[in-house]
Amino acid sequence: MKKMKSSLKLVDCIIEVHDARIPLSGRNPLFQETLGLKPHLLVLNKMDLADLTEQQKIMQRLEGEGLKNVIFTNCLKDENVKQIIPMVTELMGSSPRYHRGEVSERPLMFLLDTPGVLAPRIESVETGLKLALCGTVLDHLVGEETMADYLLFTLNRHQRFGYVQHYGLESACDSIERVLKSVAVKLGKTQKVKVLTGTGDVNVIQPDYPAAARDFLHTFRRGLLGPVMLDLDILRGHPPAETVP
């Protein structure tokens, strides 16, 4: 953040890119506070993976937070991406300065890129899990089975039952153990486990739960379980309350 702040004198407009599945969660609160003197465009990418039924409410919430310039994009299909440069040009108002990383000839425009910036303290456990589901936090730091459990809880709470059809389950289920077992069996993912018995160690074949959890997460991230809005609870007035110590 300090390096970004020191580079402010080189830029005319700030483009913040965030995941469209969590438009209200996980954004660094210090970002706009520190860099708020410059024109600011929020790009919510991966719109193809997000359920945008409540898009109007999302825009209203963001506007209430002072974000009036917001655009939803899908970079893989170049959807709405071409609107970014005209919006930036409009925000800058005057001729841009010249910097490294040319991204447009007409108008002449350069890009100064930065790494992603997470908040130093995640506001709640649930926000952390949302960030992890979107790939912002490394899976092994959170635990793939923990993430899979939260994903199943979220899909069921929002009545998104695409996983039932995708994995050929009989019905929706609240038990992550049962779901992962079914996923492992369907994928042929098993592992040998030594079990201590009265007559010695015995090798037992059981479902590979970690492998099943990884597949469940990757399937969600590829959009194969249907579009999902992870911040639907916030939009409906139920913000996460548990704070990470």
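This is a predicted model: local features need pLDDT of at least 70, side-chain atom pairs count only at pLDDT 80 or more; totals for chains, interfaces and linings use all residues.
Residues are numbered from 1 along each chain as its sequence is written, and side-chain values use heavy atoms, with hydrogens and water left out.

Threonine 73 is buried, with a relative accessible area of 0%; buried means under 20% relative accessible area, exposed over 50%, and partly exposed in between (1.4 Å probe, protein chains only). Apart from neighbours within four places in sequence, threonine 73 is in contact (heavy atoms within 4.5 Å) with Val43, Leu44, Asn45, Lys46, Met47, Glu79, Asn80, Val81 and Ile84.

The protein chain contains 11 helices and 7 strands. Its C-alpha trace spans about 80 × 35 × 35 Å along the principal axes. Of the 245 residues in the protein chain, 41% are buried. Among contacts with a separation of 6 or more, 64% join residues 24 or more positions apart. The mean pLDDT (the predictor's confidence in each residue, from 0 to 100) of the protein chain is 86, and 91% of the residues score at least 70. By element, mean pLDDT is lowest in strand 4 (residues 102-105), at 68, and highest in helix 7, at 97.

An open sheet is formed by 3 strands in the order 1-2-3, with parallel pairing; two strands pair if DSSP finds at least two bridges between them. Strand 1 (14-19) and strand 3 (70-72) are the edge strands, each pairing on one side only. Neighbouring strands of this sheet are turned by 25° against each other on average, direction ignored; axes are lines fitted to C-alpha atoms, for helices over the stretch in contact, and angles run from 0 to 180 degrees between N-to-C directions. Strand 1 is joined to strand 2 (residues 40-45) by 6 bridges, and valine 17 stands opposite valine 43 of strand 2.

Strand 6 (residues 190-197) and strand 7 (residues 200-207) are joined by 8 bridges and form a hairpin with 2 residues between them. Within this pair, valine 193 has valine 204 in strand 7 as its bridge partner.

Not counting residues up to four places away in sequence, phenylalanine 216 touches Ala148, Leu151, Leu152, Leu155, Tyr163, Tyr167, Ile176, Leu180 and Leu225.

Helix 5 is mostly covered, with 8 of its 9 residues buried. The covering elements include helix 6 (139-142), helix 7, helix 10 and helix 11 (232-235). Leucine 131 lies in helix 5 and is buried, with a relative accessible area of 2%. Beyond its neighbours within four places in sequence, leucine 131 is in contact with Ile22, Gly26, Leu118, Ile122, Thr136 and Val137. Leucine 131 and arginine 21 are 110 residues apart in sequence, yet 9.6 Å apart in space, C-alpha to C-alpha. Just after helix 5, glycine 135 adopts a positive phi of about 85°.

The structure holds 0 disulfides, a disulfide being a pair of cysteine sulfur atoms within 2.5 Å. The sulfur of cysteine 75 is too far for a bond, because the closest cysteine sulfur, in cysteine 134, is 15 Å away. Cysteine 75 counts as partly exposed at 48% relative accessibility, whereas cysteine 173 is buried, with a relative accessible area of 9%.

How values were computed:
Helices (H or I, at least four residues) and strands (E, at least two) are DSSP runs, numbered from the N terminus.
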